[in-house]
Amino acid sequence: MTVSTAPDLARETHTHELSAPNVPWVLIVWNDPVNLMSYVSYVFQTYFAYSETKAAELMMQVHKSGRSAVAHGGKEKMEADAVAMHGYGLWATVQKDDMNTGS
Amino acid sequence: MAKAFKYGRKGITGQLEQAERDLLRNLFSDIIDMLEPESAAHTDPLAALIGLDMDVRVPTDPALKRLLPDVVNAEDAESTAMALEFRQLTERSLRENKIGALRAAALNLDSDKMVLNDEQAKFWAMALNDVRLVLGERLSIRGEADADRIHQLQDWSQADDVDSYLALVYNFVSWLQEGLVQAMLLGLKDRG
């Protein structure tokens, strides 16, 4: 019995860590040579309701640094935002914000 | 070339010539064909309801993959499995949303003078963007230098092979999208 409980416990701990609501996730938008800078700005302003200034800053960061962390939050929210970005044709991925840096 | 899209009192208006409308109708229809799911909607009603599709695989066509990217950077076995699992849950509805925007934009092409509300303008911007992503992939635009090289081609008398023709089409659609988005940004500013 003890032999079988040990792996179960390990798995449970692992699952708990991954689904913990307080683990921050981040939405990364990647640069690509096709998307127009004006369009990326428009998407940031309308989808995230960011100001013109903030949208322009994030867009420039994508353009110059190749990527930008444009939103932070729970895993499910970041995944939903990524799908919305894909709908607009922006190249976006989610990842755990383990650095806790962001933009 | 005159501006195709303008922002004014009526909102966003667009004016395109017959040949331009025919070209766009064909482009929209090509992208819709690419995006139509290969298998019919799932027969399991619950799976169909939530859009779950266990048959979904990562697209092998790089242009289609650019339209339907992975949600995580698939760099090892764990992230590849997570990306595929997420794709099985979401890809069908993403395809349907994109097809919806392309169809909506195609409908506006029936009249030579378009008046677009905010939602229609958004569908147009999305549709033009998807066309550009596919053309960009076919033209192997991988970096800024490629984009600049393609941008040099502006004269239709230079269209002497498939690639130069595609490049000119790409530049036309880019010019159209830029004008549309500028008009949309003016509209946003106007409403503060």
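**View 1. Where chain A meets chain B.** In this predicted model, 28 residues of chain A are in contact with 35 residues of chain B, contact meaning heavy atoms within 4.5 Å. The size of an interface is often given as the accessible area lost when the parts come together. Here about 2600 Å² is buried between chain A and chain B, and carbon and sulfur atoms give 63% of that; the buried area is taken with a 1.4 Å probe and summed over both parts. There are also 10 residue pairs in polar contact between the two chains, both residues at pLDDT 80 or more. A polar contact is a pair of N or O atoms within 3.5 Å; within protein, one must be able to donate a hydrogen and the other to accept it, and residues adjacent in sequence count only if both atoms are side-chain atoms.

**View 2. The side of chain A that touches chain B.** Strand 1, helix 2, helix 3 (52-65), helix 4 (75-88) and strand 3 (92-96) each supply at least two residues of this side. Helices (H or I, at least four residues) and strands (E, at least two) are DSSP runs, numbered from the N terminus. Helix 4 of chain A gives the most, with seven residues.

View 3. Look for A:Asp32 in the loop between strand 1 (25-30) and helix 2 (37-47) of chain A. Is A:Asp32 buried or exposed? It's buried, at 9% relative accessible area (buried is under 20%, exposed over 50%, partly exposed in between, with a 1.4 Å probe and protein chains only). A polar atom of its side chain lies 2.7 Å from the backbone nitrogen of A:Val34, and a 3.0 Å polar contact joins the side chains of A:Asp32 and A:Asn35.

**View 4. A:Asp32 reaches chain B.** A:Asp32 forms a salt bridge with B:Arg66, with the closest N and O atoms 2.5 Å apart. Leaving out residues up to four places away in sequence, A:Asp32 touches B:Arg66 and B:Leu133.

**View 5. Around B:Trp124.** Among the residues that B:Trp124 touches are B:Phe5, B:Leu16, B:Met114 and B:Leu180.

**Notes for all views.** Residues are numbered from 1 along each chain as its sequence is written, and chains are lettered from A and ligands numbered from 1 in the order in which they are written. Local features need pLDDT of at least 70, side-chain atom pairs count only at pLDDT 80 or more, and totals for chains, interfaces and linings use all residues, while side-chain values use heavy atoms, with hydrogens and water left out.

Terms used: Buried area is the accessible area (1.4 Å probe) that two parts lose on being put together, summed over both. A salt bridge is a side-chain nitrogen of Lys or Arg within 4 Å of a carboxyl oxygen of Asp or Glu.
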